[in-house]
Amino acid sequence: MKTGKQVKTQNTRAALRALAPYLKRHIPSFCLTLFFALLSVALTLAIPVLTGLAIDSILGVGEVDFRRILILLGIAGGAVGLNAVCQWLLGICNNKIAFEIVRDLRHDAMENIRRLPLSYLDAHPTGEIVSRVIADADTVADGLLLGFTQLWSGVLTILGTLGILIYLSPWIALAVVCLTPLSLFVARLIAGRTYSMFKLQSETRGEQTALIDEMVGGQRVVQAFRHETASQEKFDEVNERLRRHSLRATFYSSLTNPSTRAINNLVYAAVALLGALLIIFPDSGLSVGAAFSVGTLYTCLSYANQYTKPFNEISGVVTELQNAFACAVRIDALIREPSETPPPADAAVLTEAKGEVTFSHVAFSYVPERPLMRDVSLTAAPGKKIAIVGPTGCGKTTLINLIMRFYDVTGGAVSVDGIDIRDMTRESLRRNIGMVLQDTWIRHASVRDNICLGRPDATEEEMIAAARAAYVNGFVSRLPNGYDTILSEGGEELSQGQRQLISIARVMLMHPSILILDEATSSIDTRTERKIQDAFDCLMEGRTSFIVAHRLSTIEGADLILVMRAGDVIESGTHKELLAKGGFYANLYNSQFEA
């Protein structure tokens, strides 16, 4: 069993491996950051020396070298001004590195989400994925900004102050070095406990985002079924867990600063005491080189304070980096999630399909131990209308998913025009297929952009012709800005039927070789459905069409009806042939017209 330390080390390494490719792209910016940090630290360390020399210019009453003091103060002022410019430039470099890395992380995450198989998206809540791309990426940005800003300067400050302290007084430097490990030990002890807490916080935040997304998206259903109280209770439970995890993570991380400050105060006191003794007893033999003066003591005290201060900052940086690393690992897991099986190097590009679709002994299962399809074979000839019917859960939509290659078969093959669809590019396959689903999807864009989703290069005349054919033009002309009216996400200002008409117009504009209608007219009134059916008849002429329908009266004219049950095709034939058989289809059909 791995210890907490081993787990933390592995997680840190995993986070560094995740961020390494992005960090490598910014090596020139890193060098610039290091230069400005070095210059800033050098200017900061020069000020105590100048101040100490100014103090030593005051020897007593009437023995003040004002000219030297003014010169030293002028130089110190110039150093402060130049240091401010260096800090500003350092901040610009750090912001550029951090936000470009996060930009690239989000880009790669979205790029991979585009290629993820539907099986992954079906198994993970949308809100949890959104949380990784948005909230976790922001946390990584915060951690990197703090790390780049304070880590470089902190390390250089420690090395610089230690070197000067050794030069001024080896004994004081020894005292500082001997007491410093206590501060490091405390910071390490606390930081070792924070990673797992921040990881829990990040995971719970993702769970909460997913829950909010689910509840807001389904608010109408929640209210219709009086589920508000149960939803609120579930949210309160997750919210309370997030509160507990956040409090624990914040509590332990906030212990770092006061704990290390307490030890640093001991260092400061030790330097003050030892320095005072060196001034009081100059002949003790502890002084090295020139006599130890009050100005030198002030310089040492300033350096002791500057030496210990970065440890406080670095301990805080370590805590934030632990949080950032936890989030970086989650984003990296999303980026590294295996995408859809890539097409072979010699993959065929389907240009204008004839429309022959063949299932050859197809087997498929969403879960390996529960097979859905065992041995499905069928052929859809070009230009024919194929209707798919059956009870809920029989595999109708699965058949469509296999044609679209949203899922790959586990056995057998699906072919278009004699080519296995696994041997052609998905893009060219889907370009030849038009699909109208029961669940419409309207994006936050104009009506025009929603219709032209499949063909962004369509002309205005082509778009309007498709809209007229789908009976969209009538209600769009009554909208405030016509086709330029901006629809909200989901098209909430439109009725379900109007949203479905836009989806139909979208497909009509594409003129695909293969058409898939999955309950495409389920939300349209009977009169409009009749008109749409006429439009579909024109659209389907000469095209292979797959029609999934529950209202069997709408598919009586199909060239072939496939009757599915428990994942298998149990009957096939024309409407009249199946009725004459008096089998499962006849029972389904007659049940819809019973009194």
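How many cavities of 30 Å³ or more does the structure hold? The structure holds two.

This is a predicted model in which local features need pLDDT of at least 70, side-chain atom pairs count only at pLDDT 80 or more, and totals for chains, interfaces and linings use all residues. Residues are numbered from 1 along each chain as its sequence is written, and side-chain values use heavy atoms, with hydrogens and water left out.

**View 1. The second largest cavity and its lining.** The volume of this cavity is about 30 Å³. A cavity is a set of points, on a 1 Å grid over the protein atoms alone, where a 1.4 Å probe fits but cannot get out. Grid points are joined across faces, edges and corners, and the volume is the space filled by probe spheres set on the points. Lining residues have an atom within 4 Å of a point; for the second largest cavity they are Leu402, Tyr407, Asp408, Val409, Val414, Ile421 and Arg422. Five of these count as nonpolar, none as polar and two as charged. In this classification Ala, Val, Leu, Ile, Met, Phe, Trp, Tyr, Cys and Pro are nonpolar, Asp, Glu, Lys and Arg are charged, and the others, Gly among them, are polar.

**View 2. The salt bridge between arginine 422 and aspartate 420.** A salt bridge is a side-chain nitrogen of Lys or Arg within 4 Å of a carboxyl oxygen of Asp or Glu. Here the N to O distance is 3.0 Å. Arginine 422, which also lines the second largest cavity, is partly exposed, with a relative accessible area of 29%. Aspartate 420 is buried, at 16%. Buried means under 20% relative accessible area, exposed means over 50%, and partly exposed lies in between (1.4 Å probe, protein chains only). Elsewhere, salt bridges that share partners join Glu128, Arg132, Asp136, Arg205 and Arg330 into one network. A search of the whole structure finds 22 salt bridges.

**View 3. Glutamate 128 and arginine 132 in helix H5.** These two residues form a salt bridge, and their closest N and O atoms are 2.9 Å apart. Both lie in helix H5 (residues 126-168), four residues apart, about one turn of the helix. Helices (H or I, at least four residues) and strands (E, at least two) are DSSP runs, numbered from the N terminus. Both glutamate 128 and arginine 132 are buried.

**View 4. Glutamate 237 and lysine 234 in helix H8.** The side chains of this pair meet in a salt bridge with an N to O distance of 3.9 Å. Helix H8 covers residues 228-280, and the two residues are three apart within it, about one turn of the helix. Glutamate 237 is partly exposed, with a relative accessible area of 35%. Lysine 234 is also partly exposed, at 40%.

**View 5. Aspartate 518, buried and without a salt bridge.** Aspartate 518 is in strand E9 (residues 514-518). The nearest side chain of opposite charge is lysine 396, 7.4 Å away. For charge, Lys and Arg count as positive and Asp and Glu as negative, while His and the chain ends are not counted. Not counting residues up to four places away in sequence, aspartate 518 touches Thr397, Val436, Leu437, Gln438 and Val548. Contact means heavy atoms within 4.5 Å.

**View 6. Histidine 361 and aspartate 417, with positive phi.** Histidine 361 is not a glycine, although its phi is positive, about 50 degrees. This residue is in strand E3 (residues 357-364) and is exposed, with a relative accessible area of 53%. Aspartate 417 has a phi near 55 degrees, again a positive value in a residue other than glycine. Aspartate 417 lies in the loop between strand E6 (411-416) and strand E7 (419-420) and is partly exposed, at 23%.

**View 7. Valine 349 in the loop between helix H9 and E3.** Helix H9 spans residues 294-336. Valine 349 is exposed, with a relative accessible area of 54%. Leaving aside neighbours within four places in sequence, valine 349 is in contact with Thr425 and Ser428. Asparagine 587 is 238 residues from valine 349 in sequence and 43 Å from it in space, C-alpha to C-alpha.

Notes:
On a 1 Å grid over the protein atoms alone, a cavity is a set of points where a 1.4 Å probe fits but cannot get out, and a pocket is an open set with protein on both sides within 12 Å along at least five of seven lines; lining residues have an atom within 4 Å of a point.
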